[in-house]
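Here's a quick briefing for anyone opening this one for the first time. Take a look at the sequence and the model, then read on.

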Amino acid sequence: MSDTPSPTSSPLFLPLREQSLLRHLSEGTPPDTPLEQAGLLVAMLCRRQRPPATQLQRLLHDACALFAADDGPAAQAQLAASAGQDARALEAWLGVLAAQDVLLAPDEVMEAVLAASPDAYPGADFQAACRITLEEHTIHFPATSLAEGDDEDAGNDEQTTHATQHNGLFTSEQARVLRAIAANPDELIDLQAYAGTGKGHLVLALLQARPGRYTYVAPTRGQVEAFRARLPADAGTRLLTQIEFANAIARHAAANGLTGGFVPTYRQSTLTLREAAARLGLPAIGARRPDQVLMIALDAINRWCASSAPSLQAWHFQRSLGAAQLEATPFIAAAEFVWRCMFDPVVQKGGCLRLDAGHIGKWLALRAVPLPVSLGMVLVDEAHDLSPAWKQLLATHAPGVVSLGDPHQRLSGRVQRWSSAKTLEMHQSVRQGRQVDALVNQSLALDDLGEPAPFVGASDRATGLRRYDDWSAVPSTGARLYGSLWRMLLEANELVARGARVHLHPASRQALLKEVDGPIDAWRSAAAGGPGQRWESFVQVCAKRGQADIPALFAGGFDAAALQRLLGQLVDADEASVVLCLAQHAKNLQFATVSMAPCCFDSGHDARALHSPVRAAYVAITRAQQQLWLPGDAMEQLQLSAQRHDRAVDERRRQRRLASGYPPPRR
């Protein structure tokens, strides 16, 4: 899906500044000029119901003429209001107006209009001046050549692309980035762009402008197919998932004799840990059985592949061995043996050990395998989640790489910067209006990535910011986002029971299936008179978070059979009236209406949760196009959640240091 939504109608802009509306709310006085007085009158009308645009345009013209002729009394009579309201009231006004697709004019437009004609409404010229987010731009692409003789599928020719130009609607930032990519076709470009700023729109423009020149790589099949659907069937552009990309590089390396004959492509294990350990001949270490040694080794390998370390180190084992403070040397040797087996064609025959894109990238990087030049410039979406090994490989790619990412959408850890790249940034949203600017920037300020540049909403998008006191006030359609897995389950069960057409996001569904057996089994054991510690612990955790109704769900009979019935009643996304999703899984989604449950902000209680609650909230906040609903104390709770998360991170670090043999700090 393109990052640039196409609204069904253009919003109506009122000739009224926020500062004038705030003064009216706080002091009860109308604006000084007839033009803004007319804007305020129409704003008061639209808060109740928006008439057709033609009627509002006529009303603005007539009201402005009336107030100009009357010189004061009419405005005082029509616009009198009680004083004493504050910025929260202003936010509520703007939210209601945006829900009616009505916006206040940008300040820069109002300043020019008031200077030229404060007593007359400019009409269509005024409305056109307010729609300034997207403008027509022409992007020139110089002639380039691309060698194609470096893999088994290509000939020995050199493909030459002629100079072209591409016309389209872009923000000034998007046009600047496109021109930089076009002018530097062989460079490494690191584009850091906030959510909704149009990264997908840029990719689509590049693919359409020069189809054979780029290879697009995205994490998921859905992202790839969204672009494929918008390109001509004969475009010939390579669109690959990260797994497909890793497989292609591995096949290229094997064809060029760089892998010893083995093609290390993505595969799942077909064996249990016990069976795999037996096939490998892995010995026990101390009291650890061979299957336990294999589990420890695979966990350490995964951490190593996510790091820039050239070899396995003791700290890669801290998560598995830290509490016991065991000597890591024999486990390092075991993991090195397992790593060699992962890329042994005899061992891997039949699928003994799992290989994913991270493993393949690390293995290729250790061998300094070059990417085939025939890929052209590689466009990597969500590059903030790339491992250091893949960045090492991509950085040497001669035809260039465009890294498209947002460090604030990396849910855990920090983005490793490219060692040498041309850095570009985009801050101007094309998905959300300026009504959410303050909220998004508050969430960015709570992140730990330094001083962020400000997020800027689009002047011609109406995104109503609505605050609720009770969750029952939010719309029953659109997307509902959660910070608690159990709150999402409870509401899914309730909504389905009421006959709603509910879709559960696949990643959130998978997380639910992974965790739900815990409370179901704990209640079954306690109800049967067995050990009740696990159930009591679950009840205490829920009570601490103000979720006492969640244990009642399981105690009331929600078991494995009830779960299967619930899952069977869910519908596909295109048939749903409401979509349920955990906040951290909302990346790459956008909805007209998004309602964020209180648990999106009151989180960070679980010490096991590695993702940042601030970044998850930022991802969720930036999904809404037309309406965003959130609790009144959202940011206060998010700040507390950030503090809880920081304390949990510090505690995990302390435990790792102690487990690694560091003495405790002196007090």
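Alanine 389 touches Gly361, Lys362 and Ala365, leaving aside residues up to four places away in sequence; contact here means heavy atoms within 4.5 Å. Keep in mind that this is a predicted model, where local features need pLDDT of at least 70, side-chain atom pairs count only at pLDDT 80 or more, and totals for chains, interfaces and linings use all residues. Residues are numbered from 1 along each chain as its sequence is written, and side-chain values use heavy atoms, with hydrogens and water left out.

**Around alanine 389**
- Alanine 389 sits in helix 17, residues 388–395 (helices are DSSP runs of H or I, at least four residues, and strands are runs of E, at least two, numbered from the N terminus).
- With a relative accessible area of 4%, alanine 389 is buried (under 20% relative accessible area, using a 1.4 Å probe and protein chains only).
- Alanine 368 is 21 residues from alanine 389 in sequence, and their C-alpha atoms are 9.9 Å apart.

**Strand 8: cover**
- Strand 8 spans residues 214–218, and five of its five residues are buried.
- One side carries Tyr214, Tyr216 and Ala218, the other Thr215 and Val217, and both faces are covered.

**Strand 8: partners**
- Strand 8 runs parallel to strand 10 (residues 377–381), joined by four bridges; strands pair if DSSP finds at least two bridges between them.
- Threonine 215 has valine 378 as its bridge partner in strand 10.
- Four bridges also link strand 8 with strand 9 (residues 238–241), again in the parallel sense.
- Alanine 218 is bridged to threonine 241 in strand 9.

Terms used
Buried means under 20% relative accessible area, exposed over 50%, partly exposed in between (1.4 Å probe, protein chains only).
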